[in-house]
Structures are given as structure tokens and as C-alpha cells.
Amino acid sequence: MAANDPNTQHHAILDKIARIGFCMPGSITTRQMRCGRQGCRCRADPPQLHGPYTYWTRKQDGRTIARLLSAEQTERYQPWIDNARRLRQLVTELEALAITTAESTEAWGRK
């Protein structure tokens, strides 16, 4: 089979998906913040904000869920989040391949 054969491409994408490890949705962000105390250094000019604080944020049942992470947790879970992003990219490639194959098979794109 040729490299541009849809079946070959399909199997290549599936092989990549099979090699992905744990996948965790969401993103990791780092923030610095102000607190509510009036005399705190975070309210000075210039402000000295608290943090940095690292959060894992995701959507669950339409709500945003955030978890504070330690440096070790951030190091452990960032690859999982990267894997989820890569999985979404590969699924998009798989869908595009299916559309292209269907259009070619059915001659939908031809006049």
C-alpha cells in the first residue's frame, strides 16, 4: 500500500493513538494574586503579589473545576494534559481522513 493510501494513513494515526499514555483534560496555569487584607504587600505601590500558584483547570458538567498543584504534581500531570491535546489533534486528523475518503469514494466533490 502507498503512503498516501487512506488505509495506511488510518492505521498510522491509530498506531499513534495507541502509544499515547494517560490523558487528562484541561490546562495548567500559573497565577499571582492579591489577597483581601488592606495593609498587605500585595496592595502596595508597586504591588508584590502572592504566588506564583499553579492550577489545573478543567470543565466538568458545565462548571469550571480548579485544583491547586504542587511543583511535583505539575511535573507529573503536564505530560498527561499534553497527551490529551495530542489525542484531540489525532482524532481531528482521523475525522478529516474519513471525510476526504468519503468524498473521494462517493465523488461528492466532483462536478
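Mentor: A contact is taken here as heavy atoms within 4.5 Å. Of the contacts in the protein with a separation of 6 or more, 50% join residues 24 or more positions apart. The model is predicted, so local features need pLDDT of at least 70 and side-chain atom pairs count only at pLDDT 80 or more, whereas totals for chains, interfaces and linings use all residues. Residues are numbered from 1 along each chain as its sequence is written, and side-chain values use heavy atoms, with hydrogens and water left out.

The protein has two helices and three strands, in the order α-β-β-β-α from the N terminus on. These elements are DSSP runs numbered from the N terminus: helices are H or I of at least four residues, and strands are E of at least two. The radius of gyration, taken over C-alpha atoms, is 23 Å, well over the 13 Å of the globule rule for 111 residues, so the protein is more spread out than a compact globule. That rule is 2.2 Å times the number of residues to the power 0.38. The C-alpha trace spans about 70 × 35 × 30 Å along its principal axes.

We now turn to the aromatic side chains. A pair of aromatic rings is described by the distance of the centres and the angle of the planes. Rings of Phe, Tyr and Trp (its six-membered ring) pair if their centres lie within 6.5 Å; planes under 30 degrees apart are stacked, over 60 edge-to-face, and the rest tilted. The structure holds two such pairs. In one of them, Phe22 and Trp80 have ring centres 4.7 Å apart and planes at 40 degrees, so this pair is tilted. Phe22 lies in the loop between helix 1 (6-18) and strand 1 (27-33), and Trp80 lies in helix 2 (residues 71-106), so the pair ties together parts 58 residues apart in sequence. Phe22 is exposed at 58% relative accessibility, while Trp80 is partly exposed at 26%. Here buried means under 20% relative accessible area, exposed over 50%, and partly exposed in between (1.4 Å probe, protein chains only).

Tyr77 pairs edge-to-face with Trp80, at 5.0 Å centre to centre and 65 degrees between the planes. Both Tyr77 and Trp80 lie in helix 2, three residues apart, which is about one turn of the helix.

A salt bridge requires a side-chain nitrogen of Lys or Arg within 4 Å of a carboxyl oxygen of Asp or Glu, and a search of the whole structure finds two. Arg85 bridges to Asp82, with the closest N and O atoms 3.6 Å apart; the two residues are three residues apart in helix 2, about one helical turn. Arg85 is partly exposed at 36% relative accessibility, and Asp82 is partly exposed at 36%. The other bridge joins the side chains of Arg86 and Glu93, at 3.9 Å from N to O.
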